Amino acid sequence: MLEHLFSSWKIGNLEIKNRLVVSPMVSNCCTTDGKATEKYAAYLEERAKGGWGLIITEDYIVAPNGRGFPNAAGLWEDSQIEGHRKMVERVHSHDTKIFAQLLHAGRQTDEAHTGTQPVAPSPIPCPNMDTLPHELTTEEVYEIISRFGDTARRCKECGFDGVQIHAGHGYLISQFISSYSNKRTDEFGGSLLRRMRFPVSIIRDIRAKCGADFPIDIKISGDEMVPGGLAIADMQAAAMLFEQAGVNSFTVSVGVYECWHVQSPSPVRSHAWRLNDAAAIKSVVNVPVMTVGRINDPFIAEGILRSGKADAVAMARQSLADPYLPKKAMAGDFEDIIHCTSCLQGCDKAIGKLQPIKCMLNPLTARETELAVTPAQEKKKVFIAGGGPGGMEAAIVAAQRGHDVTLFEQSGRLGGLLYTATIPPWKGELSAFIAWQIQKMKRLGVKVYTNTALTPGIVDACKPDTVLVATGSSPVVPAIPGVDSRRVLHADAVLEERVAVGKHVAVIGGGLIGAETANYLVHHNHTACIIEMLPEIAVQEPNAMRIFLLAKLEEKNVALHTSSKVEKINADGTIVISSNGAEQVVGPFDSIVLAVGRAPESSLAEALKGKAPVVTLVGNAKEPGDGEDAIEDGYIAGLNV
């Protein structure tokens, strides 16, 4: 069924073995002076091992003042070539082509990253950065044009098969193209044709320095999605000019920093949600067009290609979740593919903290060398208590290492709180990972007992070498007068529909669980309010998801009582809250849902002391956290057996 996906194609004269492309994503894995590291090389090589036809790297900075992140890759000087050349050789050894993305951030950075004032076509700050940029002089513009060409020449010397010019996402080139950010009146400003002079000159400079046959892809935002920004008709015109200047292919994305949440779309967005933008560009050019944007499945990718709307499919976060998707799909092993859920818990969160990139579902991401699974020197009998994501991850890794693994889950369902997290709107795709963990354990021969709690008696009788206690956490019950009322329920019981919920509901606690529970309730015809001690709600939610969650709660008229403490729950369902020293009564409510945190459920570890040689707490049983914390801790626990 995937004959289009696994057919070869060309960018210029370069033949690529399939139409699966790793699109650029900041990894924060290079040095502060732009040089390649072992972490960076191993990260990219892993995707080459996985069978992708083309990898397009993260941004290679053309000048030190053009970096958007402190550990971005760079080829702005010859001393950086050697390390990147060795990385390219490793990628090529797996029959994968690799392009370097060329970038100058322009005004979408700050002095903390560049050490100097950002630059831009006009002295107008990026609304998201709020840093006044220096307006480039005409002479400085020509210097940057030359820097793009020089960096492309270094890329060619490194052995890269081509380059991608980043002319989208609101970076410097798109700042010149768009009248949203370009107010110049010299030769680089004015009409679209004049604003296009900057990128067209860059293309010509690259051609002059790298030759007519060196492949050039250009990444554009089909729609900037800001008032007065570029829209698809503008980009169709720009695309024709790019092709005339010598571009060999297009990658069509969306947005600028002001609408940053569209560039790494959350589960709110549909799969391949910008495909029609790619189709619009494809309709006016005669070179290949790649589409990108929440594509996580080989069958979706095949459908895109059969539709004729794009010539190749680029995936960034899916390559984090499963770098081996191409090989698995080619082998027909679809059940073994880990599908990206767009949770943003690892990738966006790590990048936002300026840390090396991560993936909630794949702890090996950007730690391919340090966390590699290797056979155990001594095979052990391993018992695991708890079938949540941490316990199952520990079972998978321990079994991969050759241990004899048995997992006990006291309930009738595997998945733990991650299953509960699939229930609110937009979160359903998380269930795919639970299903993957279950089938993976089955393949590896892990013995799984549901409706069976691991007890000291079982351990006494069976004598395992190691017990991993992944029993999770339990809801915290605050010491509030009236909290023992029959009206008071726990959030996980509400989401799993283990209890009846009245029409009018108050949710005490506005963290991630409380906010998601309120969203679930109002989507099921309840009314809801949230009472939260902090000034804001859902602060743990990744920002690209939080913006939609808050908008939906507002749309559904969810009342927010922030900076408020619950003093008392009355028998009639009213609640006394205090805020800034003043008390008020809200309600009455038919049901009151507690979502004020969770405490480790670690009693089994205490009970097992002296009954097994090694007893280790895992995940939430050690310290409550999110899904990423539980899965990573389970993975490491499996490695350490």
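Colleague: How is helix 4 oriented to helix 7?
Modeller: In this predicted model, local features need pLDDT of at least 70, side-chain atom pairs count only at pLDDT 80 or more, and totals for chains, interfaces and linings use all residues. Residues are numbered from 1 along each chain as its sequence is written, and side-chain values use heavy atoms, with hydrogens and water left out. Helix 4 (residues 138–158) and helix 7 (residues 197–210) pack at an angle of about 40°, their axes 8 Å apart. Because angles under 35 degrees count as roughly parallel, over 145 as roughly antiparallel, 65 to 115 as roughly perpendicular and the rest as oblique, helix 4 is oblique to helix 7.

Colleague: Which peptide bond joins glycine 587 and proline 588, cis or trans?
Modeller: Proline 588 is found in the loop between strand 25 (582–586) and strand 26 (591–594). Most peptide bonds are trans. With omega at about 10°, the bond joining glycine 587 and proline 588 is cis.

Colleague: Is methionine 225 buried, partly exposed or exposed?
Modeller: Methionine 225 has its place in the loop between strand 10 (216–221) and helix 8 (232–245), and its phi is near 60°, a positive value in a residue other than glycine. Since buried means under 20% relative accessible area, exposed over 50% and partly exposed in between (1.4 Å probe, protein chains only), methionine 225, at 36% relative accessibility, counts as partly exposed.

Colleague: What is the phi of tryptophan 426 near?
Modeller: Tryptophan 426 lies in the loop between helix 15 (416–421) and helix 16 (430–443). Most residues other than glycine have a negative phi. For tryptophan 426 phi is positive, near 80°.

Key. Axes fitted to C-alpha atoms, helices over the stretch in contact; angles between N-to-C directions. Helix = DSSP H or I, 4+ residues; strand = E, 2+ residues; numbered from the N terminus.
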